[in-house]
Amino acid sequence: MKAGLIVNPIAGMGGRVALKGTDGVVEEAIRRGAEPMAIEFTKLFLKELSHYHVSIRFFTGPNGLGEDALKEFEFPYRVIKHRKIGEKEILGVKIPATNKEDTKTLAKFMSKDVDIIVFAGGDGTARDIYEAIDKEKPILGIPTGVKMFSGVFATSPEDAARLLVEFTKGNAKLIEKEILDLDENAYRHDEVKAQLYGKCLVPYVETLIQGAKEATPLDEEEELEAIVNTLVEELEDGIYFLGAGSTIKKIKDKLGINGTLLGVDIVEIKDGKVKLVVKDAQEKDLLKYIDKTPKIIVTIVGGLNFLFGRGNQQFSPKILSHIPKENITVVASPAKVRRPIRVYTGDREVDEKLRGYIKVRISPWTERMVKVI
């Protein structure tokens, strides 16, 4: 099997620092304390893949475009040196001097020789590869971005490895999955402007590949309003981390605060009075309130069925390791809990803590125990 491996080295940097993406805001992300993470997630993929007895030769890009991850493992690989890739230093942090044209160029070169292109990034990277090769070769995403709403991503880097193994064995059928991308600038201003760019061929095993983002059906909105009204009346004094999404935004509106639609807000309730402490909080903001025994209120991302790990990376392993599972309130429509929900933080210990079962509020008076995988 010949596989391409392309890494977007800046993917995911904007997540924990509340930028909801990284394109065009790398310097701001670094200013807020972000560090490159895509290579580390790629190494998790390669580490898992190394446990299987499969013969795979990789074609990859130089330095941070893939070579830096592969050189730590024993897989045979060839570096496509389409141009010299240097480094640039931003506020003391060194990152590869790459751009989306590198991704497109590598994809075009690779598509002539490989059986599949595996990439580490988010929706923007998926879109770049799609624009370069269309449906010429199947693709598979290692989820390392901030927003991964397309249907081309494995559920985790480790599952990407398992799916690639199944593909090499002929056990994964190819199906068409959606390439979605959002206007990141609008997204940062609480506007969801999603566009379907096309469909790509993706190896498919149901338990290893995620779905695509789905909006909440209109017929569920009234039901969610009733859940929100009851839940808000039940909230006690304390610190709350309120997550992203339209369902949680209803809670923020009911509380009378000017919270974000797509970010995490810190709220304090004291003597029945509600105060917005931090709007659009970063990971470092949440850490300041960890010793106050905060409670988290979140929903499930429709279609993707993720609780943590998609679009709310402010809830990092550092945060979630300090929050007892019983302090997490999940609110969702019954349709979102017809199948297990997922978590992936990149920290195995934290993920294991969250897995098992969790209560989900599915009506004003009903909670359902839902499996978390």
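**Close-up views of the predicted model**

View 1. Alanine 3 has isoleucine 116 as its bridge partner in strand 6. The model is a predicted one, in which local features need pLDDT of at least 70, side-chain atom pairs count only at pLDDT 80 or more, and totals for chains, interfaces and linings use all residues. Residues are numbered from 1 along each chain as its sequence is written, and side-chain values use heavy atoms, with hydrogens and water left out. Helices (H or I, at least four residues) and strands (E, at least two) are DSSP runs numbered from the N terminus; two strands pair if DSSP finds at least two bridges between them. Strand 1 (residues 2-7) runs parallel to strand 6 and is joined to it by five bridges. Five bridges also join strand 6 to strand 7 (residues 139-143), again in parallel, with glycine 121 opposite proline 143 of strand 7.

**View 2. Burial of strand 6.** Buried denotes under 20% relative accessible area, exposed over 50%, and partly exposed in between (1.4 Å probe, protein chains only). Six of the six residues of strand 6 (residues 116-121) are buried, so the strand is largely enclosed by the rest of the structure. In a regular strand the side chains alternate between the two faces of the sheet. Here Ile116, Val118 and Ala120 point one way, while Ile117, Phe119 and Gly121 point the other way.

**View 3. The largest nonpolar core.** A nonpolar core is a set of buried Ala, Val, Leu, Ile, Met, Phe, Trp, Tyr and Cys residues joined through side-chain atoms within 4.5 Å. The largest has 53 residues, and those with the most contacts inside it are Phe45, Leu49, Phe58, Ile117, Ile139 and Leu164. Helix 6 (residues 157-168) gives the most to this core, with six residues. Leucine 164 is in contact (heavy atoms within 4.5 Å) with Phe45, Leu49, Ile56, Phe58, Ile116, Val118 and Leu140, residues up to four places away in sequence not being counted. Another core, of 31 residues, lies apart from the largest one and includes Leu286, Ile290, Ile323 and Leu354.

View 4. Strand 11 (residues 265-270) runs antiparallel to strand 12 and is joined to it by five bridges; glutamate 268 has lysine 275 as its bridge partner in strand 12.

**View 5. Two loop residues with positive phi.** Most residues other than glycine have a negative phi. Leucine 91, in the loop between strand 4 (87-90) and strand 5 (93-96), has a phi near 50 degrees. Its relative accessibility is 53%, and leucine 91 therefore counts as exposed. Aspartate 271 lies in the loop between strand 11 and strand 12 and has a positive phi of about 55 degrees. At 65% relative accessibility, aspartate 271 counts as exposed.
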